[in-house]
Amino acid sequence: MADFPFSFTIPLPGAVPSRIDNHIRRTLSSMKGQFLDHETYQAMLAEDDRVIYEVYEIQRPAVEGELLMGISIVHPGKVGNEFFMTKGHFHTVLDTAEVYYCLQGEGFMVMETPEGETCVQPLAPGNVLYVPPRWAHRSVCTSRQADLVTFFVYPGNAGHDYGTIERLGFRKLVVEGENGIEIIDNPRYAHE
Ligand code: S6P
Ligand code: ZN
């Protein structure tokens, strides 16, 4: 029997969807080794294992033909000079794309391919970002006060490869420099 169509709303501001099947909260402790300044990371963690980002998922079967949707909310903040961000991942099925629609806040999507191409695109309300197949992606909130809120859609069979990024890091980082927001080469990037 075919599934029945459904709809839900994403009220703004706030963007907490009217339908939520799963709510993920990622805290500082789950980001071990991801931020450049390990010392500041440890000091912040010793004080408070704060929530860095949240995801509201609308669940569907994780199979080809389905589309998985949800809302990603990255909170404002920094570890040292580096803005709060998601862990970031490749899709396990590398040849799967993703669409992000920015609803609130400001930030960047940091992307790279396994071959080492990089691309960092700004996110602001109204921006639609197409992440092509093969590109790892991480969202970064650069606002001082506002959450970065995006709606995402990707293929049901995509899966998540977090291990590659945990091992290597991303080639580019988004930091607060002397003259404002800067995109820099990751000095800790671990070439394989
Ligand atoms: C899934 C999609 C988003 C992210 C979310 C959190 O393919 O890209 O739902 O899962 O933005 O990021 P991460 O890197 O922790 O999955
Ligand atoms: Zn993804």
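**View 1. Strands around ligand 1.** Three strands, β2 (51-58), β6 (98-104) and β11 (148-155), each supply at least two residues of the shell around ligand 1. Strands here are DSSP runs of E with at least two residues, and helices are runs of H or I with at least four, numbered from the N terminus. This is a predicted model: local features need pLDDT of at least 70, side-chain atom pairs count only at pLDDT 80 or more, and totals for chains, interfaces and linings use all residues. Residues are numbered from 1 along each chain as its sequence is written, chains are lettered from A and ligands numbered from 1 in the order in which they are written, and side-chain values use heavy atoms, with hydrogens and water left out.

**View 2. The shell of ligand 1.** How many residues surround ligand 1? There are 15, and the closest are Y53, G88, E98, Y100 and Y162. A residue is near the ligand if one of its heavy atoms lies within 4 Å of it. The shell divides into six nonpolar, seven polar and two charged residues. Ala, Val, Leu, Ile, Met, Phe, Trp, Tyr, Cys and Pro count as nonpolar; Asp, Glu, Lys and Arg count as charged; the others, Gly among them, count as polar.

**View 3. Polar contacts of ligand 1.** A polar contact here is a pair of N or O atoms within 3.5 Å. A polar backbone atom of G88 lies 2.8 Å from an oxygen atom of ligand 1. For H89, an N or O atom in the side chain is 3.0 Å from a ligand oxygen. Taken alone, ligand 1 exposes 390 Å², and the protein buries 96% of that. These areas come from the Shrake-Rupley method with a 1.4 Å probe.

**View 4. The pocket.** Ligand 1 sits in the largest pocket. A pocket is an open set of points on a 1 Å grid over the protein atoms alone, with protein on both sides within 12 Å along at least five of seven lines. To sit there, more than half of the ligand's atoms must lie within 2 Å of the grid points.

**View 5. The segment before β1.** Where is P13 found? P13 is in the segment before β1 (22-27). The peptide bond from L12 to P13 is cis, with omega near -5°. A15 also has its place before β1. Its phi is near 65°, a positive value in a residue other than glycine. Is A15 buried or exposed? A15 counts as buried, because its relative accessibility is 0% and buried means under 20%, exposed over 50% and partly exposed in between (1.4 Å probe, protein chains only). At 34% relative accessibility, F6 counts as partly exposed. F6 and R188 are 182 residues apart in sequence and 45 Å apart in space, C-alpha to C-alpha.

**View 6. Two loop residues.** R134 is in the loop between β9 (128-131) and β10 (136-141). Phi of R134 is near 85°, a positive value in a residue other than glycine. R134 is partly exposed, with a relative accessible area of 31%. E117 lies in the loop between β7 (107-112) and β8 (118-123). With a relative accessible area of 46%, E117 is partly exposed.

**View 7. K78 and C141.** K78 belongs to strand β4 (residues 78-79). Its relative accessible area is 30%, so K78 is partly exposed. K78 and C141 stand 63 residues apart in sequence and 9.1 Å apart in space, C-alpha to C-alpha.

Terms used. Polar contact = N/O pair within 3.5 Å; in protein donor to acceptor, adjacent residues only side chain to side chain. 1 Å grid on protein atoms, 1.4 Å probe; cavity = no way out; pocket = protein on both sides within 12 Å on 5 of 7 lines; lining within 4 Å.
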